Amino acid sequence: MLTLSHLSKSYSSSRPILQDINFHLNAGEYVAIMGESGTGKSTLLNLMAGLETPDSGSIVIDGHELAQMNDDQATQLRREKMGFVFQAFHVLPHLSVAQNVALPLLLNSVEKQQAQAATMSMLAAVGLADRAHSRPHELSGGEMQRVAIARALVHGPRLLLADEPTGNLDPESADSVMQLLREQIKQSGTTCVLVTHSTRAAATADRVLLLTMQGLIPQGDNVPHTIQS
Amino acid sequence: MQTTALAFTFLLGEFRAHGKRVAIGVIAIAIGVAMGYAVHLINYAASSEFSQAVRSLMGNADLTVRGTRIGFNEQAYPLLARLPEVAVASPVVEIDAHIPQQSEALKIIGIDYFRAQTVQPNMLGHLADENMNEGLDAFHPNALFLSPAALTWLKLKLGDTLAVQVGLEIRQLHIAGTVPAAGAGQRIGVMDIAAAQWRFDRLGLVQRIDLKLRPGVDIAAFQSKIDSILPTGVAAVTPADGERRAANLSRAYRVNLNVLALVALFTGAFLVFSTQVLSVVRRRSQLALLRVLGLTRASLIRWILAEGTLIGVLGSISGLLLGYAVAAAVLDYSGADLGGGYFSGVRPTVHFDIWATVIFFALGLGAALLGSLVPALETARAQPSRALKAGDEENALRRLRSPLPALVLIASAGALCFVGPVNELPIPGYIAIALLLIGSIALMPRLAYAVFSHFPTPTHSASYLAVTQLKGASGRASIGLSGILASFSLMAAMAIMVTSFRVSVDEWLGNMLPAELYMRAAPSGDTAYFSAQDQLIILSTPGIARAEFLRSTHISLDPLRPAITLIARPIDPANPAARLPFIGAVLPSQPLSSTQPITVWASEAAADLHGLVVGKQFMLPLGAHSQSVIVGGIWRDYARQHGALVINLADYRRLTGDERVTEAGMWLQAGTIPAQAVNNLRASLHNNTRLDIAEPGEVRRLSLKIFDRSFTVTYLLEAVAIIVGLFGIAASFGGQALARAREFGMLRHIGVTRRQIGLMLAIEGALLTTLGVLAGLLLGWVIALILIHVVNPQSFHWTMNTHMPWVLLSSVAATLIFAAAITAWLSGRSAMSVQAIRAVRDDW
Amino acid sequence: MKKLFFLLNVLALLPAMVWAAPPLYPAVKPNTALVFPRDHGAHLEHRTEWWYVTGWLETLDGKQLGFQVTFFRTRPNIDQANPSQFSPKQLLFAHAAISDPAQGSLLHDQRGARSGFDLAQASEADTDVRIDQWTLQREPTGRYTTHIQAREFELQLSLQLTQALLLQGDHGYSRKGKNLSQASYYYSQPQLAVSGTITRAGKKITVRGTAWLDHEWSTSVLAQEAVGWDWVGLNLDNGSTLMAFRIRDAAGQTLWASGTLRDTQGRVRALSSQHITFTPTRHWRSPRTATNYPVAMQVQAGDLQLQLEPLMEDQELDSRLSTGAVYWEGAVTALQNGQRVGRGYLELTGYFKPLKF
């Protein structure tokens, strides 16, 4: 599903951020990448999203070579095959909850009724069916991140990229958000890369990798556990 | 202490990071201040030179006795001189002499040197080198003394001769010396009074008698004492009255220009407001953090005001420098006459005026502070904890939205339109326009909400995003909207007013120029005329079927006001409307009898300024006599702002015995082409070049050219309003784009292309500007109505019909919408760099 | 032919300077009998004319003052065709001055006006000249009255005849140079008894004294090389009178001198150039104009020798605002052997700048 080979990236002439990264992810796999600040986690995520281009190496997503794509092609790929969850939620304040969730469907020109149905079922899935017409400022942080998860998955992406999704949440909300995330990806069979500092969050992943100067190092066999609420 | 340091860092950081937007604010204030300051300096220089001229002409006089432009009987001189209260009486003859090849007339003062020594010492001529004036002294009938400014203007030196036109004849005057004490900018000539009377055919008449009273005489009491012995139309005024009268000449014009300049400053203030609001909104969470960290509400307000102060100070200083340079350049290149034609005969230079400088500095600073105050107060009022949350920006703006104050402002604007002028200036009208503008701007968020919330949501993704943004964030949108509204409405108002005026003038010219050929004795001054003999020659010139003669002169109905023009021309008493564009009722023709008053027809300005209504009787001073007259009708006149009276030429001749005329309108015999008639006229009047002959088409073209020239400043201000409007759009979209960097970042993540974001912004800009332009058009139309029906009649005493310049308005509107779309699109580009993608990671 | 063209060109430039009617001034001729009272009046055809009153006054408390009241008339060289009522066909000027040693310099005022509008006038019938409120009039009885309302003082004087009129020169024909036309018509009224009031600073004081009146009219007076004159008119205490003048050239040499001495019996002796000498004995330099005036003189007139001493040194009169001259016109005492024998006025002109006529 996702294969990174000999991936290197550096900014200007300074030391390389990423050097010769090799990594493969099977379809439906859920992996957490941890690492100290400054090791290039965000850069790695941007490369996987096609928002930055690698200096060398290849990124193959679902058979598409991302590294060779121009901005428009990468954007198109993101639109169809990827979903994003951010630390700061990034829910548009002037749109309702439902409108926020429906954004990817709009971008993918999904027919209106179909889109509405998908949105409603997605909202129901994240437990916010009754908040469809609320405005973001009326929601709590946990609820906001649920909206973001719904938006990330509503169009059935192949790959979900989550960047520290619990960073702005209290531990209780964080646990429930992570549980929801895992449930949803496993249900839809979406491949997921989670970048986080939180071992508690990482613990929900199938595998945990540590990004160091030497590359991605597997952290033994992680037994994914279900967090009881 | 520490907070100050922190604030300083904070301020500097903001300026460094968003220097361009700060610069826009500075430029906007600078433009406003520069325009206002330059217009003021030019007008100030002109009018102070003008009143300086009046003052030095009146010299040490305690009182000036003056009457009509033709003058009054010189026998008043011994009468006044013998009064026991009078120390010295100095008689003066004033002539506006036409100099061939010069468009402006030369003012020539005829004085009695012996009397002027004590009363008008500045007017004394200084005889040049004796060798140059062999046998010539100050009393020589051809001896003329010129002020230094007049010598420079006419490119003459001592000993030269100067040709002046009297009637159709050219007379040579000898430059015998200078008038060294005349003001630096004054173009005048001085002659002996007897020589002036003789050389300019003014025997028996003087224009003025200046009086120096004995010490201890009560001037006011003496003034009223002599009023009873002076003939009608002749009155004694103090030098202060004289200056006021000179200032009155151009006051309305100057005030109008200053108001236009203030409009530019207002738009500048608005621009500062919109940049400051956006900058504050963008930094909302930063400011909230500072509040959390312990910055007090008051110091937060001070910080934001400090930013406004810096913008204001920078803008004001550069504006003052720019304005001074512009004023100096304008005075240097084109003279003080900004097109209004009020300041001929003086050549002033720019003078530094400390008070004006202080006031315009304060205005610029005040505008910037005012622009910062609203956002400062709002930010300080916000709850820091809430403001820290993303998405609260819209709340901040929503609070600006309460319709009641706006509606009160608009209602008071409406009421002010019905208040009369204050001190003869349309102050309430101007205030009404300001209130209407502020009220409408305050209503913009509500309008934006009302319009966009009912706007159908499109399905196309970029338009969907644009429309939902406008719907959801109408408060923020309304800032840009208000900028467009302010600039477009002002531009539209000026354009509608000027077009209405221009079309009305054009129509009026058609009405006023019924003949096929027009001839003037000279284009300037009051010394040229056609004698009775000349008139017979004109009538018998081959090709001329008939001719109507016109005598134009000036009379004073009120010594405190500028003289009005008396036009004597043939009027059919049965049908005066054939020659005059009447407004309202016209009296039926009066039976001709010696006991009945003679009918005169007053222009709108004469009616307004002198309280004349149809049917009113009053005494009209005509030369040495005065005559009972009745107002037969009010006609529209755009040419004479201080008023005009039309009297039948036959009546005028009977009453004054004055056979001379100044203009002739001629109808041609069938088959005669105008050029041929012109040649015949030149040939029969033995005077080939000096006659000013034109066809109505030419007169019309020339008049409209003069009209356009006098509105140059207005056109310039329209352009400035549009530029400021575009600046406003750029500032508001630039600010928004930066404030929305995180939104763009997220959208890019979820698969929105750069082009789509650009398109989204362009659609937002176009929609917003379209709404702004439509609202601006409506507001501009209302402001134009106020200008046309309140401000113009009150300042210039003439009315006009409304005409819409649709082509101009729609092309400017289209340009604005297009420019806004481009600007919005461009502003998005900077927000979509890599930095913008990082924005999703920034919490702030 | 070429010459003619040139001439025509010059003429074409001239019209601006050529007048329709230049003034014609009658010449002063000998053997013209003066007829009174007509000749007390103005002679408007002549170029210049003046009535000159000078004298000594004494206040009730015995203070000595000098006074001078002068009316000039001139007929300027202007176009007589100008029909304007303001046409300056006659110009009138007046000077009035008081010499008060307590003051140190002259109290002085002047007036100028064109005649006309009944505001400034010189009558042809009898002495009656005035500019606004300044007047000098002769009554049929022969008494003169003058009223001067000056800036710093007011004079109201009556001048009574005590002696017969004195025709100067040859029966009133007074030569001023070698050329016969360099002459004026000139008569004097010496030994006039003055009474009246002077008002200064709001205080009116009664004065009396002795005065001298000159009336002189002419057209062309001075020779080309003349720069000024010294003139003296003295009322001697014994009732006799002396008038003497000399015309000076640029070197200070006498071009012409003349005088008249009338003795106590009324016998008149005309003095010609060789009988008259003026010898300066003391100069005074004006601090204002830096002009040196011989304010004290030794005068020899026939066999009469007199020392003239000024009432005060600074009696300079600056009339540049009216007639244009700067001169010294002052009260003097005539002394013989250090004893006062008479009083009068000394006039010194042409010391500041050559006088122009």
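User: How confident is the model in chain A? What's the mean pLDDT?
Analyst: This is a predicted model, and chain A has a mean pLDDT of 86. Of its residues, 94% reach 70 or more.

User: OK, and which strand of chain A has the lowest confidence, and which the highest?
Analyst: Strand β10 of chain A (residues 215-218) is lowest, with a mean of 83. Strand β8 of chain A (residues 191-195) is highest, at 93.

User: Where in chain A is the pLDDT below 50?
Analyst: That's the case over residues 225-229 of chain A. Beyond near neighbours in sequence, this stretch has eight contacts in the model.

User: Switching topic: how many helices and strands does chain A have?
Analyst: Chain A has seven helices and ten strands. Of its 229 residues, 47% count as buried.

User: And chain B? How many helices and strands there?
Analyst: Chain B has 27 helices and 22 strands. It has 844 residues, and 52% of those count as buried.

User: How many residues of chain A are in contact with chain B?
Analyst: 24 residues of chain A are in contact with 24 residues of chain B.

User: Which elements of chain A give two or more residues to that side?
Analyst: Those are α1 (41-49), α2 (71-81) and α3 (97-107) of chain A.

User: What classes of residue are on the side of chain A that touches chain B?
Analyst: You'll find 13 nonpolar, six polar and five charged residues there.

User: Last one: of the contacts between residues at least 6 apart in sequence, what share joins residues at least 24 apart?
Analyst: In chain A it's 66%, and in chain B it's 84%.

Methods:
Residues numbered from 1 in each chain as written. Chains lettered and ligands numbered in written order. Predicted model: local features only at pLDDT ≥ 70, side-chain atom pairs only at ≥ 80, totals over all residues. Helix = DSSP H or I, 4+ residues; strand = E, 2+ residues; numbered from the N terminus. Buried ≥ 20, exposed ≤ 12 C-beta atoms within 10 Å, placed from the backbone. Contact = placed C-beta atoms within 7 Å. Nonpolar A, V, L, I, M, F, W, Y, C, P; charged D, E, K, R; others polar. pLDDT = per-residue confidence, 0-100.
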